[in-house]
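Colleague: I would like a close look at one part of this model. Please take the aromatic pairs and the packing around them.

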Amino acid sequence: MATARRERFIRAQLAWMLGATLVLVLLDALSYELVFVVSLIGFLVVVELTAPIAVTPRWRRRLLWLIGGGLVVFGYIVVQRILDILPPGVF
């Protein structure tokens, strides 16, 4: 049963990432940053929608490391975007 739930989680995440990439291609807005941010949002949504009610399996506890790493990279992207917006010489 745990394997079926894990496979469902992986399929949902892959479907989200492929769908998001396809939409970004159709909108002519494809970039590594946007794909990462949209995939991270999808990952967080899939994690919450597939969360078990009573018992958390070990493999789901490991997802916290991926979430933390994703949020660190997201923070880096945000800081880079802010620095690009600011006029030169501010920092």
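Modeller: Here is the aromatic pairing, then the core around it.

This is a predicted model, where local features need pLDDT of at least 70, side-chain atom pairs count only at pLDDT 80 or more, and totals for chains, interfaces and linings use all residues. Residues are numbered from 1 along each chain as its sequence is written, and side-chain values use heavy atoms, without hydrogens and water.

The structure holds two aromatic pairs. Rings of Phe, Tyr and Trp (its six-membered ring) pair if their centres lie within 6.5 Å; planes under 30 degrees apart are stacked, over 60 edge-to-face, the rest tilted. Phe9 and Phe43 pair edge-to-face, at 6.0 Å centre to centre and 75 degrees between the planes. The pair links distant parts of the chain: Phe9 sits in helix α1 (residues 2–26), Phe43 in helix α2 (residues 32–49), 34 residues apart. Helices here are DSSP runs (H or I, at least four residues), numbered from the N terminus. Ring pairs join Phe9, Phe43 and Trp59 into a cluster.

Both Phe9 and Phe43 are buried (under 20% relative accessible area, 1.4 Å probe, protein chains only). In α2, Val37, Ser39, Leu40, Gly42, Val46 and Val47 are among the buried residues.

The largest nonpolar core has seven residues: Phe9, Phe43, Val46, Val47, Trp59, Leu63 and Ile67. Such a core is a set of buried Ala, Val, Leu, Ile, Met, Phe, Trp, Tyr and Cys residues joined through side-chain atoms within 4.5 Å. Helix α2 gives this core its largest share, three residues. Beyond its neighbours within four places in sequence, Leu63 contacts Phe9, Phe43 and Val47 (heavy atoms within 4.5 Å).

Key. Helices (H or I, at least four residues) and strands (E, at least two) are DSSP runs, numbered from the N terminus. Buried means under 20% relative accessible area, exposed over 50%, partly exposed in between (1.4 Å probe, protein chains only).
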